[in-house]
There are 2 protein chains.
Amino acid sequence: MEGVGVVKALGAEVRASDLAPGDRVVPLDPMLGTWRSLAALPAASLYRIPECLPELPAACLTINPPTALCLLERFVDLEEGSVIVQNGANSAIGKAVVEVAASRGIKTLNIVRDRPNWDDVAERLTAIGATAVIRPEEAKAAGAGWKPALGLDCVGGESATAIAKLLRPGGTMVTYGAMSLKPISISAPLLIFKDLRIRGFALSKESTPDLKAKLLDRVITLAQKGLFASSRFEEFALEDYQEALQFCERGFRDSKAILRISH
Amino acid sequence: MEGVGVVKALGAEVRASDLAPGDRVVPLDPMLGTWRSLAALPAASLYRIPECLPELPAACLTINPPTALCLLERFVDLEEGSVIVQNGANSAIGKAVVEVAASRGIKTLNIVRDRPNWDDVAERLTAIGATAVIRPEEAKAAGAGWKPALGLDCVGGESATAIAKLLRPGGTMVTYGAMSLKPISISAPLLIFKDLRIRGFALSKESTPDLKAKLLDRVITLAQKGLFASSRFEEFALEDYQEALQFCERGFRDSKAILRISH
């Protein structure tokens, strides 16, 4: 899905103004096939990344930051000073949400599960703009006065219910993941008498290459202002994919696994 | 909440064009107090019912028919030929939904729990305009080709989940009751990849007397065309309220309990 590559040579019909050998490019089409060393691809399915962006963050630009932009823009009109709440706030999307929200003056209440290095995680989220970082069991008490207009849920189950309870009347919860593998469960009185709106979002559902390119233009602009630079990376050779998978299955990971493909 | 009364006399400041002794009136303010034989009330909190409407249906006009109108108008733009699905279709609101939908050329897929007189119930729903009436266990198979844009849920639990599964992509489910006392439970993939919208509705939340009067104007117009006349009634004297409550607790009731207050 994601990945960054380098243009080796141009086909005869590619305009030199669109791409040049040496350009770093990311895929615009889903499932374009990024786990390979060489590929002949249509220029329209590639997006050129500016040289100033480092290689590893560039490899992770096409899903998480555009998702964060959509989550903050498609569902509720948020103004400066608006409040949102999210669970899984230490995920790559969660961190991108914190950064985009902070850049717009939107306050974020961030729920992060307890873990050995919880204080470090909270400190790093605060450093990139989180207004508050709390543990799930603190949500009810700590979130009481916040009245968020938007809740972002990537966990489901009890965690989604807790977010719905924190929302202000007329608030919207958007589910974009299901880390707990449990369904979203909302009591009827909560839905009815708080007039909640429950929605779902998947970037993959609606991204034409054209829409995705427009989102990436905005992601790049934000990245050049310093956003989306907080990820940590753990590199693996493609041959060591099993080791990479084991790394991904570890709980409370703080870095993204990157496969490096040599040729 | 609901009820019909007769104007006995007018206060000095009430204009004769607004109300006259003998007029049948229903309450516009919630909790106005209808379980009594006499009351002095502001004219603005009462709505005059035309003489052509029978007494008992008039006593049940202020909640169920306006709720049906709101459920069909506030959430999804339904055109002639659109499809909706609802559970609890034999409730007073469910029947009002069938009638209003039929009057607008909207198709209704109606789920009614199995019961001794299921065939009678289905026949009566069909007579007032239901496109199809099915049992809950038939929903998956019978509803497969319908792709409703709107689902109305007054049951919750598994029944709400079944309705969400029947909806077309981008469809909306509105919960306005919780007969099963179980929460609404939707899997994250359903919410995310079908882009469902889950909402709640309560008439009581938003009805100013002015809004309610406008809704009742439209209800009366429809009632004069023959809608909302299918309810059956069981009358009880107010003194026999315990008997009325027992009647209300019976499963699979087909008539509404009406308290008659003598004076």
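**Strands, sheets and the interface**

Tutor: Start in chain B, with a pair of residues: B:Val6 has B:Arg24 in E2(B) as its bridge partner. Keep in mind that the model is predicted.

Student: What makes E1(B) and strand E2 of chain B a pair?

Tutor: Pairing needs at least two bridges. E1(B) and strand E2 (residues 24–27) of chain B are joined by two bridges, so they meet the cut-off. They run antiparallel.

Student: Which strands make up the open sheet of chain B, and in what order?

Tutor: Three strands, in the order E1-E2-E3, with antiparallel pairing.

Student: Why do strand E1 and strand E3 of chain B stand at the edges?

Tutor: Count partners. Strand E1 (5–6) and strand E3 (46–49) of chain B each have a single partner strand, so one side of each has no neighbour in the sheet.

Student: What packs on that sheet?

Tutor: Helix H8 (residues 209–224) of chain B, which touches E2 and E3 of chain B. Its direction makes about 10° with that of E3(B).

Student: Now chain A. What is the strand order in its open sheet?

Tutor: E1-E2-E3, three strands with antiparallel pairing. Strand E1 (5–6) and strand E3 (46–49) of chain A are the edge strands, each pairing on one side only.

Student: How do you know that strand E2 of chain A and E3(A) pair?

Tutor: Four bridges link strand E2 (residues 24–27) of chain A to E3(A), in the antiparallel sense. The cut-off is at least two, so they pair. Helix H8 (residues 209–224) of chain A lies across E2 and E3 of chain A, at about 10° to E3(A).

Student: What joins E9(A) to strand E9 of chain B?

Tutor: Three bridges, with the strands antiparallel. A:Ile186, for example, has B:Ile184 in E9(B) as its bridge partner.

Student: How many residues does each chain bring to the contact, and what area is buried?

Tutor: Chain A gives 23 residues and chain B gives 23 residues. The buried area is about 1,900 Å², with 61% from carbon and sulfur atoms. A:Leu191, A:Ile192 and A:Arg199 supply 26% of what chain A buries against chain B, more than any other three residues.

Student: Why is A:Asp195 with B:Arg199 called a salt bridge?

Tutor: Their closest N and O atoms are 3.8 Å apart. The limit is 4 Å, so the pair qualifies. The interface has two salt bridges, plus three residue pairs in polar contact.

Student: Which elements of chain A give two or more residues to its side of the contact?

Tutor: Strand E9 (184–186), helix H7 (188–193) and strand E10 (197–200). The residues on that side of chain A are 13 nonpolar, six polar and four charged.

Methods
Residues are numbered from 1 along each chain as its sequence is written. Chains are lettered from A and ligands numbered from 1 in the order in which they are written. This is a predicted model: local features need pLDDT of at least 70, side-chain atom pairs count only at pLDDT 80 or more; totals for chains, interfaces and linings use all residues. Side-chain values use heavy atoms; hydrogens and water are left out. Contact means heavy atoms within 4.5 Å. Buried area is the accessible area (1.4 Å probe) that two parts lose on being put together, summed over both. A salt bridge is a side-chain nitrogen of Lys or Arg within 4 Å of a carboxyl oxygen of Asp or Glu. A polar contact is a pair of N or O atoms within 3.5 Å; within protein, one must be able to donate a hydrogen and the other to accept it, and residues adjacent in sequence count only if both atoms are side-chain atoms. Ala, Val, Leu, Ile, Met, Phe, Trp, Tyr, Cys and Pro count as nonpolar, Asp, Glu, Lys and Arg as charged, and the others, Gly among them, as polar. Axes are lines fitted to C-alpha atoms, for helices over the stretch in contact, and angles run from 0 to 180 degrees between N-to-C directions.
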